[in-house]
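Visitor: I am new to this structure and would like to be taken through it. Please show it first.

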Amino acid sequence: MLPMDASLKIVIVDENPIRAAILEEGLREAGHVQVVRIADTTRLLARVYAIDPDVILIDLENPSRDVLEQMFQVSRAVKRPVAMFVDQSDKASIEAAVDAGVSAYIVGSLRKDRVKNILDLCISRFNAFARLQDELDRTKSALEERKVIDRAKGILMNAKNLSEDAAYALLRKTAMNENKKIAEVAQSVITAAELFK
Amino acid sequence: MSGEKLRIGFIPLADAAALIVAVDKGFAAAEGLDVELVREVSWSNIRDKLNIGIFDAAHLIAPVAIASSLGLGHVRVPILAPFGLGVNGNAITLSPALHVALCAAADGDVRDPMVSGRALARVVAKRKARGAEPLTFGMTFPFSTHNYHLRFWMAAAGVDPDEDVRLVVLPPPYMVESLANKHVDGFCVGAPWNSIAVDLGIGFILHFVSEILARTAEKVLGVRSAWAEENPDTLVRLIRAHDRAAAFIEDLANRDEVSAMLAAPNRIGVSADVIRRTLDGRLKVAPDGRVRANERYLLVGRAQATRPDPVQAAWLYAQMVRWGQAPLSLDLLAQAAAVFRPDLYDAALGKSQSQARPPPAIDGEPLDHVGAFAGPAFDANDIAAHLAAWKIGRH
């Protein structure tokens, strides 16, 4: 691997502060000390020009990508950026980037292999973030389900004078019979109880 | 029932109407197509995802289809436009302050684009004289009709769009906010964003672009040339589904149903009322409720708007040349015109093909296919002479 160059100035445009922080940390670990995060995209072009970066990384959920495209046009600008898509020789890594949800713009005449390292790092951090987000979502929904089931158990224990275990067994049996998730049956119990109030 | 799976990217704008209705009203399914519409946030995303094959087809601003085919500003990927999703539909909106200034400087009715353009020139000159910052106008993309429409209007009245004002790219959803924050003094954008600025009381619609240019191709259904070659039958079905959708949209009896369909949160996601006004071409143009009606405001399924017109592609290429985005060459002109494919459209819909060159004028439409408010008639066969007639340009 080539030694990473500390002199490269990298801008991260991402409205998600956690993902941007994860990416910045990765870049710093790889030896890039000049990393600037932009979260608020108001007057984005002026800010990017002021920073004068070598590489710009932007998430694909960001409508401001179109703003960056204007940099190709400004005839008065000395340095013009190019999108990573201009060179299609590495189709796989482009597809991986789009899949991960990130795009890169390279300003000036950086060597391709140096940019590739940054892009690869970017892809892996974006994917790691997506996994984390996914895990968090699943944990959250598991917690929600737990709460719903607990409430339904309480309703059944009161209404049918059941023990907690028996109430849970009833929910589980109904779910199996109806080919539903326990949480779905529990939600029906809560809804029904609301109606009977 | 499962049909052939297709992914189509779109931006939530009124001229995505045919794409949305084709899916939500079942015209695509009737053609055996199982279309997943993917809502996107930027034209860059749409272009890249179409280019690398994540999308089979896409809602494209017509100039993006041409730029991509010519490799302008980006990697060259040949794109075909076998179907027009909309002609016209843009408007120019000003901040209240600029609107007042323009009206005060006007020597006539500001609804006349030459009067408004001259008034803009006076406002610009005054600002320059007192050393004020230049006026800033928002548009949606470097290769966009919005960019060319603003430039055409200003330059016709002597305002140099690169020297006298600032043009900045803004994503449509940020336009209104930027006008409210005074980051821009005006913008040119498609529906529904002009109406939203007016409804919020922060903008005045100065012009429907159809008052400046009677007919300009706005959005097309774009596919990769390679994809079209590999999937000729799918392409035919895609064209047929969208043609039926466009006709359905234009039928006044369906207007309420269509407006509600487009307004859905996962589609355009604005009020059905705003969509209805757009389709009817009756827009509230001022916060006090003044309405302007123009049936040409947005053409979806009327006046042959669905049939791609190579003269329109040539006009767009001429704008790229005029503003320094593309060199002038007959080869590039031919490539640009060939992006628009009326032959594929005609074949898919069983219409007789017209081989006439140049194509005949469309009934009731401008003879030169464009109908600009100023300057010479457009001549697709002599772009150099056409451009030479304009004083302001970068070519």
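Visitor: In which sense do β1(B) and β2(B) pair?
Guide: In this predicted model, strands are DSSP runs of E of at least two residues and helices runs of H or I of at least four, numbered from the N terminus. Two strands pair if DSSP finds at least two bridges between them. Strand β1 of chain B covers residues 4-10 and has seven bridges to β2(B). One of the partners in β2(B) is B:D34, bridged to B:K5. The sense of the pairing is parallel.

Visitor: How are residues and chains labelled, and which limits apply to the model?
Guide: Residues are numbered from 1 along each chain as its sequence is written, while chains are lettered from A and ligands numbered from 1 in the order in which they are written. Local features need pLDDT of at least 70, side-chain atom pairs count only at pLDDT 80 or more, and totals for chains, interfaces and linings use all residues.

Visitor: Which strands stand at the edges of the six-stranded sheet in chain B?
Guide: The sheet is open, with mixed pairing and the order β2-β1-β3-β10-β4-β13. An edge strand has a single partner, so one side of it is left without a neighbour in the sheet. In chain B these are β2 (33-39) and β13 (298-299).

Visitor: At what angle do α11(B) and α16(B) pack?
Guide: Axes are lines fitted to C-alpha atoms, for helices over the stretch in contact, and angles run from 0 to 180 degrees between N-to-C directions. The axes of α11(B) and α16(B), the latter residues 342-349, are 9 Å apart. The two helices are roughly perpendicular, because angles of 65 to 115 degrees count as such. The angle is about 80 degrees.

Visitor: Is A:E15 buried, exposed or partly exposed?
Guide: A:E15 lies in the loop between β1 (9-13) and α1 (17-29) of chain A. A residue is buried with 20 or more other C-beta atoms within 10 Å of its own, exposed with 12 or fewer, and partly exposed in between, C-beta atoms being placed from the backbone. A:E15 has 15 such atoms, so A:E15 is partly exposed.

Visitor: Which helix supplies the largest share of the side of chain A that touches chain B?
Guide: Residues are in contact if their C-beta atoms, placed from the backbone, lie within 7 Å, and 22 residues of chain A are in contact with 23 of chain B. Both α3 (65-69) and α4 (91-100) of chain A supply at least two residues of that side of chain A. The largest share, four residues, comes from α3(A).

How values were computed
Two residues are in contact if their C-beta atoms, placed from the backbone, lie within 7 Å. Angles under 35 degrees count as roughly parallel, over 145 as roughly antiparallel, 65 to 115 as roughly perpendicular and the rest as oblique.
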